[in-house]
Structures are given as structure tokens and as C-alpha cells.
Amino acid sequence: MSATNDTVHDRFERARTELSPVQAAAAVALAASLGFALLFVQDPLFHDAMHNFRHAAGVTCH
Ligand SMILES: [Zn+2]
């Protein structure tokens with residue numbers, strides 16, 4: 001049964017190696033979008049747009 005365990009372990013290792021660049025890219029994209037949002041978060045229209053977007057995404061805020 002050790003062979004099966006090794007195969008599963010190798011599969012996890014491979015998946016993690018392939019996922020890391022994607023996660024890094026996602027983190028960079030998230031940080032960039034947050035920074036971009038902060039530039040306009042004081043705009044009431046943008047604030048409403050984000051508010052509507054949260055509701056459209058199913059996030060309750062009030
Ligand atoms: Zn709301």
C-alpha cells in the first residue's frame with residue numbers, strides 16, 4: 001500500500017508546484033485590484049457600484 005500512498009503524495013506535490021505560480025498571480029492581481037479600488041473608494045458612485053456588486057455576488061452587508 002506504500003506505492004499507492006507514494007503516488008497520491010507525488011500527485012499532491014505536483015499539484016502544489018503547479019498551483020503556486022497561479023496563487024502568486026492571483027495574489028498580485030488581488031493586491032493590484034485592491035490598490036486600484038482604494039484610489040476610487042472615496043467616489044460615491046464607485047462606492048455604490050461596489051455595494052451593488054457585493055449584493056450581486058451574494059454578499060450581505062446590511
Ligand atoms: Zn448593501
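A residue is taken as buried if 20 or more other C-beta atoms lie within 10 Å of its own, and as exposed if 12 or fewer do. The model on your screen is predicted.

Next select residues 2–40, which form helix 1, and within helix 1 pick out Ala 37. Is Ala 37 buried or exposed? Ala 37 counts as exposed, because it has 11 C-beta neighbours inside 10 Å.

From Ala 37, draw a distance to His 47: the two residues are 10 apart in sequence, and their C-alpha atoms are 9.4 Å apart in space.

Now select residues 44–56, the 13 residues of helix 2, whose first and last C-alpha atoms are 18 Å apart, close to the 18 Å expected at 1.5 Å a residue. Helix 2 is hardly covered, with a count of 0 buried residues among its 13.

Finish at Gly 58, which follows helix 2 and has a positive phi, near 90 degrees.

Notes
Residues numbered from 1 in each chain as written. Predicted model: local features only at pLDDT ≥ 70, side-chain atom pairs only at ≥ 80, totals over all residues. Helix = DSSP H or I, 4+ residues; strand = E, 2+ residues; numbered from the N terminus. Expected span 1.5 Å × (residues − 1).
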